[in-house]
Amino acid sequence: MTRRALVGCPPPVSAPPPNKITSLPNLLSLSRLPLGGLFWVTLGPTTTHAAISLGVMALAAGTDVLDGTIARRRGVSTAGVGSWLDPICDKLFVGAVLAALYFKREVPLWLLAVIVARELIQLPMVVVYRVFPTLRHWLRYDFRASHLGKAATIIQFLAIGSLVMGWPAAYPLAWGAFGVGLVALADYVRRAVAIGKRRLHQPEEVKRT
């Protein structure tokens, strides 16, 4: 019997598994990068081509659901690599899809911009956040997607899917993605300010950790 057991000390609490880039959830996120290229290859003028491209989009959406589900079930920390890798892979996949629609289907740029308005506004905000240390002192940007962010992504996928299939629902869905995306972006800013305020009230030794 160990000395720890004799004195009745509780066993040490095991830390959550490390969020390595080679973990299954992160590999699922990374799989959306080649899927973006596959979408470009499969997109064509016929209904059959459109259905295959839509299947590629559905597969990418499935990996987006699975990576977070598996990470939570395995108890992997959501504050590590996956917190920024997942949204980056989302945006790169959507970017590849939009480029394919523009060059191969000649979808108007203004319509594509409406669908991804959240990302177009969010990108310079993130760059400014990273460039200015003073801003990071009182703000803490949370890269993890909120429920609003996930809802905006789903509406984006529906709008893009309608464009792929040539359905008229693409236009109202595009404006829906625009509205929900802006609300989600405002929620990201609210969370950043709230986290920053909590951090400012923490002791100095806690801030350094």
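Modeller: One term before we start: a salt bridge is a side-chain nitrogen of Lys or Arg within 4 Å of a carboxyl oxygen of Asp or Glu. Also keep in mind that this is a predicted model.

Biologist: Okay, how many salt bridges does the structure hold?
Modeller: It holds eight. In one of them, the side chains of Arg32 and Asp86 meet at 2.6 Å, N to O. That pair ties together distant parts of the chain, with Arg32 in helix α3 and Asp86 in helix α5, 54 residues apart.

Biologist: Are Arg32 and Asp86 buried or exposed?
Modeller: Both are buried.

Biologist: And what about Lys150 and Asp64?
Modeller: Their side chains also meet in a salt bridge, at 3.3 Å, N to O. Here Lys150 sits in helix α9 and Asp64 in helix α4, 86 residues apart, so to speak another link between distant parts of the chain.

Biologist: Why does Asp64 count as buried?
Modeller: Buried means under 20% relative accessible area, and Asp64 comes in at 12%. Lys150 has a relative accessible area of 30%, so it is partly exposed.

Biologist: Which residues end up in one network?
Modeller: Arg32, Asp64, Asp67, Asp86, Asp90 and Lys150, joined by salt bridges that share partners.

Biologist: Switching topic: how many helices and strands does the chain have?
Modeller: Eleven helices and zero strands. Of the 209 residues, 38% are buried.

Biologist: Which residues touch the most other members in the largest nonpolar core?
Modeller: Phe39, Leu101, Ile160, Leu163 and Val164, out of 26 residues in that core. Helices α3, α4, α5, α6, α9 and α10 each supply at least two residues, and α5 gives the most, with six. As a general point, nonpolar side chains tend to be buried together in soluble globular proteins.

Biologist: What does Leu163 touch?
Modeller: Leaving out residues up to four places away in sequence, Leu163 touches Leu101, Arg105, Val107, Leu111, Leu112, Ile115 and Ala170. Leu163 is also among the buried residues of α9, along with Phe157 and Ile160.

Biologist: How far does α9 reach?
Modeller: From its first C-alpha to its last, α9 reaches 27 Å with 19 residues, close to the 27 Å expected at 1.5 Å a residue. Just after α9, Gly166 takes a positive phi of about 75°.

Biologist: Which residue has a positive phi although it is not a glycine?
Modeller: Glu106, with a phi of about 60°. You'll find Glu106 in the loop between α5 and α6, and it is exposed, with a relative accessible area of 67%.

Biologist: Last one: which residues make the nonpolar surface patch?
Modeller: Leu120, Ile121, Met125, Leu182 and Val189 make a patch of about 390 Å². Helix α7 brings the largest share, three residues. Ile121 lies in α7 and is partly exposed, at 38% relative accessible area.

Key:
Residues are numbered from 1 along each chain as its sequence is written. This is a predicted model: local features need pLDDT of at least 70, side-chain atom pairs count only at pLDDT 80 or more; totals for chains, interfaces and linings use all residues. Side-chain values use heavy atoms; hydrogens and water are left out. Patches are made of residues with over 30% relative accessible area and no salt bridge: like charges are joined within 9 Å, nonpolar side chains (Val, Leu, Ile, Met, Phe, Trp, Tyr) within 5 Å. Accessible areas come from the Shrake-Rupley method with a 1.4 Å probe; for residues, only the protein chains shown count as cover. Helices (H or I, at least four residues) and strands (E, at least two) are DSSP runs, numbered from the N terminus. Buried means under 20% relative accessible area, exposed over 50%, partly exposed in between (1.4 Å probe, protein chains only). A nonpolar core is a set of buried Ala, Val, Leu, Ile, Met, Phe, Trp, Tyr and Cys residues joined through side-chain atoms within 4.5 Å. Contact means heavy atoms within 4.5 Å. The expected span of a helix is 1.5 Å times one less than its number of residues.
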